[in-house]
Amino acid sequence: MENNYNYNKKFEKEYDVIVIGAGHAGCEASLAPARMGLDVLTLTVNLDHVAFMPCNPSLGGPGKGHIVREIDALGGEMPRNMDETMLQIRMLNTAKGPAVHGLRGQADKKKYHQRMKQILEEEPNLDLKQEIAETLVVEDDEIKGVVTKTGILFKGKKVVITTGTFLKGKVIIGEATFNAGPNQQYPANKLSGSLEEIGFNLRRFKTGTPPRINKRSIDFSKMHEQEGEKGLTFSFDSPPFERNQVSCYLTYTNDKTHEVIQDNKMRTPLFSGVIDGVGPRYCPSIEDKVVRFPDKGRHQLFLEPEGELTGEYYISGLSTSMPEDVQYEILSTIPGLENAEIMRAGYAIEYDCINPNDLKLNLETKKVDGLFSAGQINGTSGYEEAAGQGLIAGINAALALKGKEPLILDRSEAYIGVLIDELVTKGTEEPYRMMTSRAEYRLLLRQDNADLRLKEIGYELGLISEERYQMFLDKKKDIERTLEFLRDYQVTPTPENREKLKSLDSGALKKPVKLAKILKRPEVDYDDLKFFAPELPEVSREVKDQVSIQTKYKGYIDRQMSQVEQFKKMEDNLIPEDIDYSSLENMRLEAREKLKKIKPRSLGQASRISGVSPADISVLMIYLEQEERENKDEE
Amino acid sequence: MTNMKEDTISAIATPFGTSGTGKVRISGPDAINIGSKIFEASSGIDIYEADSHTAHHGYVVNPKTGKTVDEVLAIVMIKPRSFTGENVLEFDCHGGMVPLEAVLELTLEHGARMAEPGEFSRRAFMNGKLDMAQAEAIIDVINSKTEKSLSIAMEQLKGGLSEKVNKVKDDVMELLAHLEASIDFPEDEIEGFDSNQLEERLKEIKEPIQKLIKTAKQGKLYQEGIKTVIVGKPNVGKSSLLNYLLQENRAIVTDVPGTTRDVIEEYINLDGIPLKVIDTAGVRESEDVVEKIGVEKTRESLKKADLVLMMLDVSQGLTEEDIKVYNLIKEQHTIVVVNKTDLDENIDFDELEEQFKEHPLLWTSVKEEKGMEELKNTILEEIFQEQINVDSDVMVTKVRHRDALNKAFESIEKVEQSLENGMPYDFLTIDLKDVLFYLSSITGETVTDDIIDQIFSDFCLGK
Ligand SMILES: Cc1cc2nc3c(=O)[nH]c(=O)nc-3n(C[C@H](O)[C@H](O)[C@H](O)COP(=O)(O)OP(=O)(O)OC[C@H]3O[C@@H](n4cnc5c(N)ncnc54)[C@H](O)[C@@H]3O)c2cc1C
Ligand SMILES: Nc1nc2c(ncn2[C@@H]2O[C@H](COP(=O)(O)OP(=O)(O)O)[C@@H](O)[C@H]2O)c(=O)[nH]1
Ligand SMILES: [Mg+2]
């Protein structure tokens, strides 16, 4: 087979898994199978950019932060890497309900990269190499390996592609355009062709980033300081974060800024037609914002430090591909940035990506066995989304090699499940970003219970150490024990108790009630309970929070759980992989075509395909039942 | 596959014809339980305890109001010995269209879901109750019924309903998008609401839903019946006809207050079709009838009539007064009733035929009760003909709409409850999404992606 491909040397070792890319997806996709005991090769365009953050120096927020917590529970590296290197962390949305609390951290880009690179280097089963993959070696629709730009053939049983924004990358700054990956890295120009040859239809998406400016040229006194919070971490198992935190700063655009943008509209690649890739709506460039929302008098800008050993600041909210001279002019209108020195200009980047409809729920491509893909190449955007997919793709490549069932998280289990289900089932017409509003069982998919949802799975895969698992079991036991105590302990309306409730601004107690009932009251905190029940178990903050949430919002939680039960019925109803949809003559043509294309795994997934109606599902059910009976008759 | 646990569904299981009886079937694990909540057996037993394959005479009673809805026969079938292979409870209803609809609605209020087209058959098949040969037939039923119910739903949505539903839906969507935007983009400047503002917004959603429920309930069949007006000059026999119909066919159920004997509107149950008969006899007979009819109000009520019974007196011939009356109603759906055939006729048949050639023409003697059956049949025929459409599928669509509106209403009340309890935004969105879901089920759209589209069109978000 290799004879059909041009190469100079066949590398002696055959790997279990080859990962193309060492971005956020690639790092997780490499570490997971290596930690599961397989031989892994990781290729990257540039070793000095492993786990590089080409855009904002931060992780998290609602939805994205949830994914990071899930990655932790499944034994991924991103959360721990962040905890070890970050500059600041906060919890967002604390007043909007526990399900939408979101951790957000400021990263130190260099340190983040360095530590992750080191983790990969030190992983015994993993080889990390600076190589550009150009050709996928495929035989009988099965992946066999890759050939690099410099003529080495690496053989691999499974390959995971995580090329991010590198495929035919094109950078745009005003009238200036050139072929490059993010941050002037060498683009991957050939791999696209290999993918097309196999039969993938590639699409062109785009994204952008703001200018970076030098700290010494910023007047912070005209801005509002934003500090971090102590004690928070992304990983459930990191020690509390107590290092000194670095602040961010808030300033605003104004009428003058908007005038500059309007005046230069014709030189804007976005409007002049230079850019034809599809960009995300949630991360619009400043020119996009000003033109689309002309009534908005100002837009927020956050100044975020890029790291401790650099003076570069990232201007969040000012993403742009306007010409560099216009970027200077824009900055000069903004309070505190009047004299800003640009160190790196803002730019937009266009790149090739695949249509995620071409994937199965385990992130393997439908066309080529053993070929997986994860991250931005699947049409997503964001470090967290990339890492989540990378982890799942890596795990599933490993599980396939071990002859085990794939890991498919469903929409009721994890945001990662929601993410992959939507990509594969619905596809996406813009770079996809996670938001909590995409999850219908949001109240169950909280960031505080990601460990309770997923850690068991991580442990069984071998990605959570015995020690971490034991800590988890202890926590679980504490939660159960405490909940039981709350259920059983009776509070009587003694004068002292009444007095205490009064002091908490809580309604009077008329008859004895269980302690749980008291905790249900919105104005009562867990720590207040000690007064009513001196024997209250001594437990960690995390356990207290968990118990409080489960008690206070029990009614809502139970309701969603019963919806999930209903949902699971359809999800557990699997469709045989070899089903021949074209023989389903009585089904509407549109539905048949859609089903044929998506190849849903379950009736539940089938029902989420747009263009497939409940009636079509009924017909499908009857057909499957028919098949089953026929098979039974044959036996 | 075969042992998939399903929920409990309910529907009218017989095509509705002129016979006046129909069957409501409940199928699924909770079928008997749901039935027992709304059924009172004459024997006093609780049908939840009843043996399989037993029939029980009794009444369907609305537990909330204590009102009897219909006299029925309840048939209990325990799984797997039923058509669907699940627990099945059937109510054989006798009271006709209105009660049938009300019984169905009660089952939905007590936990059943309206069955999808062909769902009973599909379940029967899945549970091995039908053989392979029948599979294709079921698929055909599903496909054709789905198509039909879609087209009926479209039809029902005409006449302003869909605009009204869409308007509320837009309001819900806007509020939801606002809450979601502030949840998903906490670092963007999105103005929040204080609880008073939210209360106000919820009220703006709740009130129109409430109104829609009311109008949906005032659907012709449900409360007003088919509006039938009897017109004619004095003494042709209008009141006599009304009295005759009343004696014979006293309406079993009307929920309408104030239906007393001394007003000129009466409800008649004609083989299950509720007729609201308006006798223009309230007009003082000394005055010129036509003049009186000319009074705006009467004119209005005539215009709104679904069916007009125009009466003539065979002994008096066709008078100028008759023609004047006729001119007022000739655009309407009209049956011409030539009364008093027991008397000497004094009328030109050809002229009559010519004058009323667009309408059915009947000969009656109310006094001798002649031609009465024919009259009833003609009325029913007219009703079941195109224009006055009371096909059972139409009815089902209406029940479906009402059910969705009721559920939307319950959900918006839950949102209000959450707000009152001081719950944060996320909890408001839970039931608000349900409101949106139920409203969308009326217009037949899905919503998930719409919310996200709305977020980005309403707000300038992200960086
Ligand atoms: C300019 C810019 C702006 C962005 N703005 C935002 C934003 O505002 N918000 C947001 O959420 N996300 C943004 N992103 C996206 C975010 O950076 C990515 O989603 C995330 O990094 C994707 O991770 P990944 O692992 O898929 O790819 P990457 O992190 O891009 O990693 C790709 C890896 O693949 C390697 N590679 C590529 N091709 C080859 C090859 N042929 N052979 C060997 N190795 C190869 C590269 O060396 C690299 O290691 C932006 C990205 C860019 C470039
Ligand atoms: N002979 C005869 N008399 C009738 C018939 N129908 C009604 N009448 C009589 O006609 C008179 C007027 O009837 P009524 O119903 O009050 O007429 P209205 O003014 O149209 O309401 C009464 O005396 C009735 O008894 C019929 O079919 N034959
Ligand atoms: Mg009269």
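Author: Helices (H or I, at least four residues) and strands (E, at least two) are DSSP runs, numbered from the N terminus. One such strand, S12(A), supplies the largest share of the shell around ligand 1, namely 3 residues. The model is predicted: local features need pLDDT of at least 70, side-chain atom pairs count only at pLDDT 80 or more, and totals for chains, interfaces and linings use all residues. Residues are numbered from 1 along each chain as its sequence is written, chains are lettered from A and ligands numbered from 1 in the order in which they are written, and side-chain values use heavy atoms, with hydrogens and water left out.

Reader: What makes a residue one of those that surround ligand 1?

Author: One of its heavy atoms must lie within 4 Å of the ligand. For ligand 1 there are 35 such residues, and A:Ala25, A:Cys55, A:Ala133, A:Gln376 and A:Gly382 are the closest.

Reader: Why is the pair formed by A:Val45 and ligand 1 called a polar contact?

Author: A polar contact is a pair of N or O atoms within 3.5 Å. A polar backbone atom of A:Val45 is 3.0 Å from an oxygen atom of ligand 1, so the pair qualifies. A side-chain N or O atom of A:Thr44 is 3.1 Å from an oxygen atom of ligand 1.

Reader: How much of ligand 1 does the protein bury?

Author: Ligand 1 taken alone exposes 980 Å², of which the protein buries 96%; accessible areas come from the Shrake-Rupley method with a 1.4 Å probe.

Reader: What makes up the shell around ligand 1 by residue class?

Author: The shell holds 18 nonpolar, 15 polar and 2 charged residues. Here Ala, Val, Leu, Ile, Met, Phe, Trp, Tyr, Cys and Pro count as nonpolar, Asp, Glu, Lys and Arg as charged, and the others, Gly among them, as polar. By these classes, the shell around ligand 2 has 5 nonpolar, 6 polar and 5 charged residues.

Reader: Which polar side-chain atom lies 3.1 Å from an oxygen atom of ligand 2?

Author: That atom belongs to B:Lys340. Of the 580 Å² that ligand 2 exposes when taken alone, the protein buries 75%.

Reader: How do you know that S4(A) and strand S5 of chain A pair?

Author: Two strands pair if DSSP finds at least two bridges between them. S4(A) and strand S5 (residues 102–106) are joined by 5 bridges, so they pair, and they run antiparallel. They belong to an open sheet of 3 strands in the order S3-S5-S4.

Reader: Which strands of this sheet are edge strands?

Author: Strand S3 (58–60) and strand S4 (88–92) of chain A are, since each pairs on one side only.

Terms used
Polar contact = N/O pair within 3.5 Å; in protein donor to acceptor, adjacent residues only side chain to side chain.
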